[in-house]
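Please keep the sequence and the model in view while reading.

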Amino acid sequence: MTDTTTRETAPPGAGEPLLGLVDVGKSYGNVAALRNVSLDVHAGSVTCVLGDNGAGKSTLIKIIAGLHRHDTGRYLLDGEETVLHSPREALDRGIATVYQDLAVVPLMPVWRNFFLGSEPHTGRGPLRRLDVATMRRTTREALARMGIDLPDVDRPIGTLSGGQRQCVAIARAVHFGARILVLDEPTAALGVKQSGVVLRYVAAARDQGLGVVLITHNPHHAHLVGDRFVLLKRGTMAGSHRKGDITLDALTHEMAGGGELEQLGHELARTPAPTRSPAAS
Amino acid sequence: MPVEPRGPEARQRRSGSHRTSPPLNAPAPAGAVLTQVPARGPGGGYLTGRRRPSSGRAGGQIRTEGQEPVAGVKWFRGRANSRRTQSTRTHSRRTHTGGAGGGSGRPGGRRSAVLAVGLVLTLALSACSSTGGKRAEEERARGAAGPAAVDTPRWKIAMVTHSGEGDTFWDIVRSGAEQAAAKDNIEFLYSHDKEAGKQAQLVQAAIDQGVDGLVVTLAKPDAMKAVVEKAVRAGIPVVTINSGQDRSKDYGALAHIGQDEVTAGEAVGEELNERGLTKALCVLHEQGNVGHEERCRGVRATFDGTVDNLYVDGTNMPAVESSLEAKLQSDEKVDSVVTLGAPFAATAVKAAKQAGSKAQVSTFDLNAQVVRALKDGELTFAVDQQPYLQGYQAVDLLWLYNYNATMLGGGQPVLTGPQVLTGDDAEALEEYTRRGTR
Amino acid sequence: MSDTRTSDSQPPPTEGPAADDAPTAEPPAAGPPGRAGELARRLFTRPELGALVGAVAVFVFFALSAESFLRPGSLSTVLYASSTIGIVAVAVALLMIGGEFDLSAGVLVTSSALVSSMFSYQMTANVWVGVGVSLLVTLAVGLFNGWLLTRTGLPSFIITLGTFLMLTGLNLGLTKLIAGTVSTKSIADMEGFSAARAVFASQLDLGGFTLRVTVLWWLALVAVATWVLLRTRAGNWIFAVGGNKDAARAVGVPVRGTKIGLYLGVAFCAWVLGQHLLFSYDVVQSGEGVGNELIYIAAAVIGGCLLTGGYGSAAGAAIGALIFGIVSKGIVYAEWDPNWFKFFLGAMLLLAALLNAWIRKRAEATR
């Protein structure tokens, strides 16, 4: 934890962004899920997208990952306007997405999960088959390189802890040459210690030169690793900051709803606290 | 019984006039009624208040012998008709073949359909079978569509049976009924359900439709009682067929046409005795079917040896075969296998061969395969209850009743079987089983 | 993916090395990873272990209670009965691992036989033409199932229930329309029949033991299916689409293609069995096959396939089919009151499933 907080290595905003969204919007039928959202992702830096439930985070992630197409605005990849048609295409263009709940197939062994969708082959003709030995070995090595020590890659990935699962997914993205790593709420369901582990791997990925998009509703986690912060509120952008421009307190305040929270505080304060005798037993 | 299949005379007669023999299933084209019915009698009027026809209203010239026309004119007409039927059938077949590929997998299978058509065009031309098949059948087939032979109004008669789906036996019953309906200018409605409750609902539906006659089976009589009595109260003449012989009269039916299952079973038992057999296996292909139980009970009643029941899953032919095999392997004393339905006879023969058993196989009911096996000596005998007759007579009797208030049997059951058929009869039967009327 | 299954020219894979890397739901056994412990752990995490124990149990049971059960002729009968279930059950198991159902598999077998028979007969074509057309039509039905499923996103239960009913009606209606009766005409006297019979319905006598060709088809299909599942990309995808469809899609697995391929696999196996029916009995009853779809599913479940998908094996389904074969014929060999047959079959099924669940739990507890 302390390790990542002290790190201030990435030069935020240097050079051309890997990925840029300009005034992107998306509607489902008549419902506008996202309006005029802009963000940049630079190599070796972390862009955090913060927002409450229903703020449009998942829509944004689906657009970036190629699951959905944006209706308005521009999607720039390496400065070039792009339309992605499928997650496969996004992957091919170097955008890897790790979803919070659907990152892995729980019943499959770690090594099968690791190579899912990009399985190496050996042999030819009817004997063409999965290169199982290579798959196992590579999985072990790639995880080790990310600092993950997993004794048995044959374990079903569902038996790993939530943090470990996220880490395997991140290691997979790094291994397959992702340039942009999109993480959907990687710390949402995790305890403090597990969250620290994941954030460490996020930083590790950043240090390997990846552009990271970190989606979260936890400003504390975001502030630890983030270089830029984009705040979403009911489908629109509520703010965009650089790390130097905003303090954790300000971020927390904005994230928590700002004025709304104060209003809520007033309402709750007026309610008289129920008188309760201290049950000293 | 208009047709007596045994005896050389009958055979000769049939082979001589088979060009004009009754049609397979196709009812006469509607136009045929107008153009081909001979001159009407002077009375001309038809029965309209048809439920209880009074005497003296007979009009029109009626041929009830439509099955066996002898006059040269009719013969000629039969031939003309046969040509038409032939071409209609060819047409409908073609339409279907296209549908088989496209219909089931149309949206995604366009490429498959194209491939299929390609295959048809190339292979069917180059890879024709010189033996068997439709062509061989067509060379044999000379069926003629019998036009309506009467000029009574188009009465509506419904038949509701307890048949399961795709049952050969009931298919023949239906063919017979349709043949009679075509001849008698009757609009024939057929429905069936093997569950008694649903069958009763179908009878109710027929009552609601206001039919002029009702043919119904009483496989589970108690379930059918209320609705049959309701039909009788509604003034609909009811004839029961096939099953429910003892209850038919009580429920108010005018006649019962069929064969008592127990009697048929008893006939089998006696045949087995004649052949000196000692242990028989009764193969029931539907668990809980009352008729099947009765057939086996009949066998047990007259057979001097022992009878074992074997239940098999009739919807799964390999399972029938393997179960039979298993039984024959485990009990080598079995020297006779009796199947309760024609489709299972050939399977039983196969199973006996597989199990290395010497058991003789015999069966209830007929179909083309059974007749072939009888001919080849693989089956020892078959007991037929003449299902065609059940359908034909029921419809024809209802027509007669509406027309002339006459009823066969005077309330006593009219039996259509059992008729024991052996290899000697096979040749004469072959043609009829092949076209699905026996 | 369907290509791997449709071509049975592939050499059967060796079960040994292939068997130890199937996706396993259980965590490894705790304790020092001794060689014996490792082996036990691998064994305990196999999906088909419960079924294997159950199969051995019913086998021993009937071997003891029916003296004629152990004769070679009897065993060949049991194997034959198992193979006629197992051929389709293998593909159904793969489909279930892929997270879907197929209720139309039972009648599709009959449809396939009907198409083959009626096409040959009506066109007076060499029976091999009918066999080929039947394959196309059957695959088209599979394609239709898969396409509709992936296109609409409706549950496969509903879609295949629809095709099941439609096929049942088509079987009866079209047969009656074309053949004039509810069963097809015999094609035994047509050209190509004997060759086709050799392929689909022949047998080999080995002393008292009769080896039916369906048993070979069954084993070959199990081998191919196992190979596909464990040693090909397609297999990885099957586990993935059944285990977590969204995750699979997110990493670029062609989910739709995989599912359609699985339905094509079922159709192919239905075709094989359909041709067996036809060439074994010359004629086909159009009302047959209803109810068998549940037996296939039951065999797959007994064999360790999860109803929810993502877990199971082809070999397990084969063992499940074997259990069905042993029990259904064992009751006949034991000469028990047939009225109890269905009850006993159901009880065996439940018992096998419970045993399966118990072993899985035990394996989990050793974590």
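Val92(C) is in contact with Asp102(C), Ala105(C), Val266(C), Tyr296(C), Ile297(C) and Ala300(C), leaving aside residues up to four places away in sequence; two residues are in contact if their C-beta atoms, placed from the backbone, lie within 7 Å. Val92(C) also belongs to the largest nonpolar core, which has 264 residues and in which Val283(B), Val90(C) and Val92(C) touch the most other members. Such a core is a set of buried Ala, Val, Leu, Ile, Met, Phe, Trp, Tyr and Cys residues joined through C-beta atoms within 7 Å. A residue is buried if 20 or more other C-beta atoms lie within 10 Å of its own, exposed if 12 or fewer, and partly exposed in between.

The model is predicted: local features need pLDDT of at least 70 and side-chain atom pairs count only at pLDDT 80 or more, whereas totals for chains, interfaces and linings use all residues. Residues are numbered from 1 along each chain as its sequence is written, and chains are lettered from A and ligands numbered from 1 in the order in which they are written.

Chain B has 438 residues, of which 53% count as buried. Its secondary structure comprises 15 helices and twelve strands, taken as DSSP runs numbered from the N terminus (helices: H or I, at least four residues; strands: E, at least two). An open sheet of six strands in chain B has the order 2-1-3-4-5-11, with parallel pairing; strands pair if DSSP finds at least two bridges between them. Strand 2 (186-192) and strand 11 (414-415) of chain B are the edge strands, each pairing on one side only. Strand 1 (residues 155-161) of chain B joins strand 2 of chain B through seven bridges, and Lys156(B) has Glu187(B) as its bridge partner in strand 2. Helix 7 (residues 196-208) of chain B packs on the sheet, where it touches strand 1, strand 2 and strand 3 (213-217) of chain B.

Chain C and chain A each give 26 residues to their contact. On the side of chain C, helix 11 (233-243) and helix 12 (245-250) are the elements that give two or more residues.

Confidence remains to be considered. The mean pLDDT (the predictor's confidence in each residue, from 0 to 100) of chain C is 83. Over residues 1-33 of chain C the pLDDT is below 50. Where pLDDT is low, the predicted coordinates should not be read in detail.

Notes. Axes fitted to C-alpha atoms, helices over the stretch in contact; angles between N-to-C directions.
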